[in-house]
Protein chains: 2
Amino acid sequence: MTDDDTMLIEMCDALIHSRQHIGPKHLEAPGPDDETLDALFAAAAAAPDHHQLRPWRFLVLGEAARQRLSEVFVAALLQRDPEALPDQIEDARIKAFRGPVLILAIADLRADDPEVPTFERVFSLGCAVQNLLLAARARDIGSGLSSGRALHTPLMREAFGLAEGEHAVCFISLGTPRRSGRGRARPAVADFVQRL
Amino acid sequence: MTDDDTMLIEMCDALIHSRQHIGPKHLEAPGPDDETLDALFAAAAAAPDHHQLRPWRFLVLGEAARQRLSEVFVAALLQRDPEALPDQIEDARIKAFRGPVLILAIADLRADDPEVPTFERVFSLGCAVQNLLLAARARDIGSGLSSGRALHTPLMREAFGLAEGEHAVCFISLGTPRRSGRGRARPAVADFVQRL
């Protein structure tokens, strides 16, 4: 192997292993600009995609959309717990405003193709998002994925126009990390790989 | 930005955009050795994994396992089409022997955790596999994902000891590409991203 070959391997592995979840509350401005976001989404588009169904789409939530999202978070909380305290309501509300860029990742399972089962489609969304996260990491942009019960409510579907057959899977937050991630321990290869 | 910053971005984007599906029949020996495979699986283990459920595992199929797989492929074909012709049967059989390394990617949905829905778990498998494919690409190892109806049969589950709650999602083939991929056109960002 040449030095260049070795360097590429080292950079790739460093990229993959240094990507960490940074919670939205630890991501601050500036976030990526529109041109950078386009580059991240272009990375997402390079994901494996059986039969080219492109079984996903993304919403970038601007100010008005975040306002709507905060109302969804509060309403979903009150549906779950009508006695929620003012502090809990405020926590739910401000979640929608954390991190300079907030994206909703949606699995679109509507295509009629029996050769590509649902799981393959959701898997493809995972591939797309991993590309996006790594492309962000290469640019020193911090990222975090989040989810929660509100994501799967009719309120959410209605607020963001999800069609039947579409499923919001997670939020992607992007920004400048205020601190580095906690460096989570990863499973040992022997724990999840079996050689037959 | 320094030159190093720019180079990291360019290498990352080149890695992501140059990864292409290479069909197993176009992957030849040598495949990655055990040490290299371990590095690829370590990359997989760095995937986002909500609540650290590690909702996936992988089987590396050696000679005996491929023999078993070929029998599953043939039996699944004959269940679907009892009149399959000898050529079709032979096609089904040899599929199990293509590519120097063959891996089965399994979603393990057994953990009891209502905060991490099924789709998030399958998504995590997609992230893990994308890491693996990119780590392979950095090493000039060709890769392809494949699936098919046999994957979801009771025959398959039994032959490879899949538990209830486990789902085989795809095969990953690795090897030396005999030719480069077809350079598939990718969806335009504007087609799958909406700014609200």
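Strand E3 (residues 101–108) of chain B is largely enclosed by the rest of the structure, because 7 of its 8 residues are buried, a residue being called buried if 20 or more other C-beta atoms lie within 10 Å of its own, exposed if 12 or fewer, and partly exposed in between, with C-beta atoms placed from the backbone. Strands, labelled E, are DSSP runs of at least two residues, and helices are DSSP runs of type H or I with at least four residues, both numbered from the N terminus. The model described here is predicted, so that local features need pLDDT of at least 70 and side-chain atom pairs count only at pLDDT 80 or more, while totals for chains, interfaces and linings use all residues. Residues are numbered from 1 along each chain as its sequence is written, and chains are lettered from A and ligands numbered from 1 in the order in which they are written.

The segment after E6 of chain A holds Leu196(A). When neighbours within four places in sequence are left aside, Leu196(A) is in contact with Leu59(B), Val60(B), Leu61(B), Gly62(B) and Ala65(B), contact meaning that the C-beta atoms of two residues, placed from the backbone, lie within 7 Å. Leu196(A) counts as partly exposed because it has 15 C-beta neighbours inside 10 Å. From C-alpha to C-alpha, Leu196(A) lies 40 Å from Leu151(A), a residue 45 places away in sequence.

Taken as a whole, the interface brings 58 residues of chain B into contact with 57 residues of chain A. On the side of chain B that touches chain A, at least two residues each are supplied by helix H1 (3–18), helix H2 (34–44), strand E2 (56–60), helix H5 (118–138), strand E5 (166–177), helix H7 (189–192) and strand E6 (193–195) of chain B. The largest share of this side, 14 residues, comes from H5(B). By residue type, this side of chain B divides into 38 nonpolar, 11 polar and 9 charged residues, where Ala, Val, Leu, Ile, Met, Phe, Trp, Tyr, Cys and Pro count as nonpolar, Asp, Glu, Lys and Arg as charged, and the others, Gly among them, as polar.

Chain B is superposed on chain A by a rotation of 180° with 0.0 Å of shift along its axis, at an RMSD of 0.0 Å, and the two copies are therefore related as by a two-fold rotation axis. The superposition is by least squares on the C-alpha atoms of residues with pLDDT of at least 70 in both copies. Because 98% of the interface residues of chain B are also interface residues in chain A, the copies meet through the same surface.

Apart from neighbours within four places in sequence, Ala105(A) is in contact with Trp56(A), Phe58(A), Leu125(A), Val129(A), Val169(A), Cys170(A) and Ile172(A).

In helix H3(B), Leu69(B), Val72(B), Phe73(B), Val74(B), Ala76(B) and Leu77(B) are buried, and the buried residues of H3(B) pack against helix H4 (86–95) and helix H6 (154–159) of chain B.

Some backbone features lie in loops. A cis peptide bond, with omega near 0°, leads from Ala29(A) to Pro30(A), and Pro30(A) is placed in the loop between strand E1 (27–28) and helix H2 (34–44) of chain A. Arg54(A), although not a glycine, has a positive phi of about 45° and is found in the loop between H2 and strand E2 (56–60) of chain A. In chain B, His51(B) has a positive phi of about 60°, and this residue is exposed, with 12 other C-beta atoms within 10 Å.
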